[in-house]
Amino acid sequence: MINTPCPPELRDAWARVFAHAWKPDNKDFLRTLNKDPRGTISQIANSRQPEKLAEACNTILNYVDAPDSEEGFLALPDLPESFPGDLSEEQLYSYAKQDGLYGLLRIC
């Protein structure tokens, strides 16, 4: 297996999912995502709501479902307690798409 870098569009798609899951009012989404990641991501992709999240979920499914794909799913940790609870989803997205964090989580 060759360890190739994760494509930017896949990294950004996962960052969008992380940001949505980490919002304090989305704890049920995080729990559901961790319990059944494929089902949860497929449901959002098919519902097309919210739009940015649905686009991200479609991108993830396209990569994971590709015939020669080595991509998969992984349980998402809770947002570190040191983070302020009033961060917007866009601020969380900016945090989640950093290479360092993404490399640590190693989703793909």
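Predicted model: local features only at pLDDT ≥ 70, side-chain atom pairs only at ≥ 80, totals over all residues.
For the residue classes used here, Ala, Val, Leu, Ile, Met, Phe, Trp, Tyr, Cys and Pro count as nonpolar, Asp, Glu, Lys and Arg as charged, and the others, Gly among them, as polar.

**Pocket and cavity**

By these classes, the lining of the largest pocket divides into 10 nonpolar, 1 polar and 5 charged residues. The space in this pocket comes to about 260 Å³, and of its 16 lining residues the closest to the centre are Trp22, Pro24, Lys27, Asp78 and Leu79. Two elements, helix 1 and helix 2 (27-35), each give two or more residues to the lining of the largest pocket, and it is helix 2 that supplies the largest share, with 3 residues.

A search of the whole structure for cavities of 30 Å³ or more finds 1, and the volume of the largest cavity is about 30 Å³. The largest cavity is lined by Trp14, Leu33, Asn34, Pro37, Phe73 and Leu74, a set that by class holds 5 nonpolar residues, 1 polar residue and no charged ones.

**Helix packing**

Two packed helices are described by the angle between their axes and the distance between the axes.

| Helix pair | Angle between axes | Distance between axes |
|---|---|---|
| Helix 1 (residues 8-22) and helix 5 (residues 89-96) | about 135° | 8 Å |
| Helix 1 and helix 2 | roughly 130° | within 7 Å |
| Helix 2 and helix 3 (residues 37-47) | roughly 125° | within 5 Å |

Helix 1 and helix 5 pack at an angle of about 135°, and they are therefore oblique to each other, since angles over 145 degrees would count as roughly antiparallel and those from 65 to 115 as roughly perpendicular. The crossing of helix 1 and helix 5 is right-handed. On the side of helix 1 the contact is made by Asp12, Ala15, Arg16, Phe18, Ala19, His20 and Trp22, and on the side of helix 5 by Glu89, Glu90, Leu92, Tyr93, Tyr95 and Ala96. Sorted by class, the residues of this contact between helix 1 and helix 5 are 8 nonpolar, 1 polar and 4 charged.

The axes of helix 1 and helix 2 cross at roughly 130°, which makes helix 1 oblique to helix 2 as well. Here Val17, His20 and Ala21 of helix 1 meet Phe29, Leu30 and Leu33 of helix 2, and the residues of the contact comprise 5 nonpolar, 1 polar and no charged.

Helix 2 contributes Phe29, Thr32, Leu33, Asn34 and Lys35 to the contact, while helix 3 contributes Pro37, Thr40, Ile41 and Ile44. The residues of this contact of helix 2 with helix 3 fall into 5 nonpolar, 3 polar and 1 charged. Leu33, Asn34 and Pro37, which belong to this contact, are also among the residues that line the largest cavity.

**Backbone features**

Which peptide bond is cis, with omega near -20°? The bond in question runs from Gln49 to Pro50, and Pro50 itself is placed in the loop between helix 3 and helix 4 (51-64). The loop between helix 3 and helix 4 is also the place of Arg48, a residue that has a positive phi of about 65° although it is not a glycine.

Definitions and conventions
Residues numbered from 1 in each chain as written. Heavy atoms only, no water. Axes fitted to C-alpha atoms, helices over the stretch in contact; angles between N-to-C directions. Helix = DSSP H or I, 4+ residues; strand = E, 2+ residues; numbered from the N terminus. Parallel < 35°, antiparallel > 145°, perpendicular 65-115°, else oblique. Left-handed = near helix turned anticlockwise from the far one by under 90°. Contact = heavy atoms within 4.5 Å. 1 Å grid on protein atoms, 1.4 Å probe; cavity = no way out; pocket = protein on both sides within 12 Å on 5 of 7 lines; lining within 4 Å. Points joined across faces, edges and corners; volume = space filled by probe spheres on them.
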